[in-house]
Amino acid sequence: MAEIAAQIGRRHLPALDKTLLYDVVLLLAIGLVMVYSASAFVAAHRMGYDSYYLLHDCVNIVVSLITLSFVVQIPMRTWQRWSPYLLLAGMGALVLVLVPHIGVRVNGSARWLTLGVGHVQPSEFFKLLLVLYLAGYLVRRQDRLSEFTYGIMTVAFLLMVTGVLLLLEPDMGSEVILWAVAFGMLFMGGVRLTHFLAVVVSGIGAAVALTLVSHYRESRIVGFLHPFAQARGDGYQLVQSLMAFGRGGLWGRGLGRSLQKLYYLPAAHTDFLFAIIAEELGFVGVLFVAFLFAVILVRAFQIAEAARRHDLYSAYVANGIGLLISLEALINMGVNMGVLPTKGLALPLLSYGGSSTLVSCAAMGILLRIDRETRAQGASRS
Amino acid sequence: MSMWRRPGRDDARTSPGGGRRRFVQWSLLGVFALMIARAFYLQIIDAPFLSREAGRQAVQMIQEQGHRGMILDRYGRPLAISTPVDSLWGNPQLLLKEPAAWPALAHAIGWTLGQFRRALHAQRHEQFMYLRRDADPRFAKKVLDLRIRGVASQREYRRYYPTGSADATVIGFTNIDDQGQDGIELAYNSWLSPRPGHATVIRDGLGEPIAVHYGHTRPQRGKNLVLTLDQRIQYLAYHALKKAVRYHGARSGSVIVLNPYTGSILALANVPSFNPNTRADLDSVYYRDRAVTDVIEPGSSLKPLTVALDLQTGRVTPHTLVNTSPGYYWVGPDKISDVADFGLIDVNHVIAESSNVGASKIALTTLTRRAMYANFRRLGLGHSTHSGLPGESPGFLAPPGTWEPIQKATLSFGYGISVTPMQLARAYTALANGGILEPISIVHHEKPVKGRRVFSRRVVLEMRRMLEMAASPVGTGATADIVNYRVAGKTGTAHIADATGYHRHEYVASFAGFAPATDPRLVAVVVIRDPTRHGYYGAQCAAPVFREVMTGALRILNIPPDNPETLMAQTAGARGTGHG
């Protein structure tokens, strides 16, 4: 894949950033192996053969890498121009999800659309679309960001509308990510600190209120605060996850030797893949995966830093993507380790899940594109 | 690689908030560090607790039972055996998810699909339901071979008693957990019990076993126990007794057959009994081993023992004369009487006619209270025989200091003392074997324990003649005589006593004796409690049972006859001459 991308790039533009590319490929490879390990037992029982999820994940990864190589070809100007329309399309998809017979319900959540070959999760796409749109918004409103309305309220309004849609699904994990990424971008874009704090504080207040109103969410929070007191109830998943970490120890039980994946830990190959990594590969494996995500964060911010000089939009997008991927990773890790309440959120690039992997790879493609455009610019200048 | 290159200098004009970007980047890296710290805490510091918790839910120590040992008679015939059975069970939670497997499973366990569906639905909140209990292991294997998730089997053992109610009161029974509850099953429980094996089972989150590891202990079968019983004689005794108890409308009865030279129990039958295989009517009324748990006042069947003690003093001989006229006399305010006036008779006839007056007069003149008490104790009366059977009663013999004046007299003919039929039988072994009191045993031992001498050879020979006479047409026990064999024995008929005194119309009929009289090989005691029909005397109720059991037993054991002259012997009719 890297070869192909590199060959395409060689004709007009500098080579792709190998650090980032290898990092992504490494994460995808670890993810593939761990998804297989975490799902084989359950797949063998439910589907009749143990490689069900492995094969599907292979397809997902191939499609994602092809997508990545296409995205690398798309100039940033195109994204900038089309981002408002893409965002509208994304919102439309979020509405469609809620329409009966069009949206697909799984375990009581309406998060998916059927696209002939498989399910698509619009909220995953929406995260990236928001980053692309917000970067453009920040560039357009550069001069008026200090005003409360343009600085923060427009975006807050946008988030509230989508927030209602996501609450209806419900998909709290995506909602939290959206708010965090959006405010992170506004913060970095130069919104006034007082405005920023006012909205953030009221946002947190609203989150707490929502939690107290909804018993479903409250019980999750309680399960999170005292997992072992409710090991059979709301704390079940978390307790099982914590046990996986404990069993892993320093060096892990060894690949394939997780006990928790044997129907103890629900969603072992999706939202709780990190716990299985911890159990089989140990603290060392956890450290390595965290390092790989930290590399994406640092690299994204470096690319943003470099892009700033010639294209502010690209810089904002790079920052947003760094923020998006690392926040998703951190929140997933936090959920797995009982630091954050349980949310349905995938570990980007690692977890089983077509939309998440596809969007993450597309984001990486954009990041690689920005880097290449920046260096091409630098080369042409010099 | 340029990934760690330092960011360029901030340009405030073109890039607002460069400091903010660095702040965000370092904050996020800080959060990464916090996550790693959390992972370190979970995986290194809290790991022992967490992995122990994980182990607790997934790893389970299970016990696997083995065979309980068999109980065998002296020739190795099985009296109690354990056979493996498999109980099939299912996890409704899992079965509900696999409706495709229902028809095959329902068919395999012999249910209709409708029955199965209803049962499953009724148990849908449970994790466990029996599909079939105590199934033949081959049957269970067929079901398990369907490989349906949520179906498992549990190996158990069922106790079978091939001899049924004939041995039930001696063998006892086990409970559902294979633990002995009564009889030999209880007394030798630890000997018979298997040592359970311990295995570690790893289960998945749905409770299905994934792997089983046997540690150091595999299940170990219990040891077999060989009893002294001879099942052929046991059957004989039980059925003869049952017939008699029914015929006489008696409340209960016991038969004991002993080998006089070893004290080993050849047969021990009680009626009523129970069917240990169905475990129905499990009430102590039915499963009590009355021969050792229930006491009786023996009445006249004790008389030979007191007379033997009299002879032992040397102050009387079998030919010493006693005046029993006019058939009664007074001890203080109490009257001791015979059924008739026997006049001036010798000791031989005191036994043969069963004269209370004669027996008590002799005892009063020859034995002191202390000697009588001590000698009774030496004969094992009033304390346990240590047969090893559970619930054995010690009987009761009051210390001589507490005796009423009349008591010494009544003791000589078997009143005022409570003994178990087993104690009586044991005391008779000394009369049969030449004067040695043998310890009672129910479990077969390679080396029998030595008994101790209680009577001299001379006294024993004199007593044999006397008892032979008592069991002959001359005496009260003629109904016990056996064709071609010479029998020695004594009848007994006693009123039943309880806390309120003696019951006028409730009797214990007994017979104690041995055969062949010239070379005793078997001692037997028959006790019939509270006969209500067809007579109540020992001669009417107990002696015929003795005869039936002894006749069969002598033949079974191929014991040569010792009375060839009576080959043409008359069939002894029930003469009904016995009396207390």
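**The cis proline of chain B.** B:Pro272 sits in the loop that links strand 12 (265-271) to helix 11 (284-287) of chain B. Helices (H or I, at least four residues) and strands (E, at least two) here are simply DSSP runs, counted from the N terminus. The peptide bond leading from B:Val271 into B:Pro272 is cis, with omega near 5 degrees. A quick note that goes for every view: this is a predicted model, with local features needing pLDDT of at least 70 and side-chain atom pairs counting only at pLDDT 80 or more, while totals for chains, interfaces and linings use all residues. As for labels, residues are numbered from 1 along each chain as its sequence is written, and chains are lettered from A and ligands numbered from 1 in the order in which they are written.

**A cis proline in chain A.** Look in the loop between helix 6 (148-168) and helix 7 (172-189) of chain A, and you'll find A:Pro170. The bond from A:Glu169 to A:Pro170 is cis, and its omega is near -5 degrees.

B:His534 isn't a glycine, yet its phi is positive, at about 55 degrees. B:His534 has 13 other C-beta atoms within 10 Å, so it is partly exposed. The cut-offs, with C-beta atoms placed from the backbone: 20 or more others within 10 Å is buried, 12 or fewer is exposed, and anything in between is partly exposed. B:Asn558, in the segment after helix 20 of chain B, is another non-glycine with a positive phi, near 55 degrees. B:Asn558 counts as exposed because it has 6 C-beta neighbours inside 10 Å.

**A three-stranded open sheet in chain B.** The strand order is 1-8-9, and the pairing is antiparallel; strands pair when DSSP finds at least two bridges between them. Strand 1 (59-64) and strand 9 (209-214) of chain B are the edges, each with a single partner strand, so one side of each has no neighbour in the sheet. From one strand to the next, the twist averages 30 degrees, using lines fitted to C-alpha atoms as axes and angles from 0 to 180 degrees between N-to-C directions. Strand 1 and strand 8 of chain B share six bridges, and B:Ile62 stands opposite B:Ala199 in strand 8.

**The hairpin of strands 8 and 9 in chain B.** B:Arg203 faces B:Pro209 of strand 9 as its opposite number. The hairpin has five residues between the two strands, and B:Gly207 in the turn shows a positive phi of about 90 degrees.

**Where chain A touches chain B.** Here 43 residues of chain A are in contact with 37 residues of chain B, a contact being two C-beta atoms, placed from the backbone, within 7 Å. On the chain A side, helix 7, helix 10 (236-248), helix 11 (273-307) and helix 12 (312-336) each give two or more residues. Helix 11 of chain A gives the most, with 14 residues. The chain A side splits into 25 nonpolar, 13 polar and five charged residues.

Note on methods: Ala, Val, Leu, Ile, Met, Phe, Trp, Tyr, Cys and Pro count as nonpolar, Asp, Glu, Lys and Arg as charged, and the others, Gly among them, as polar.
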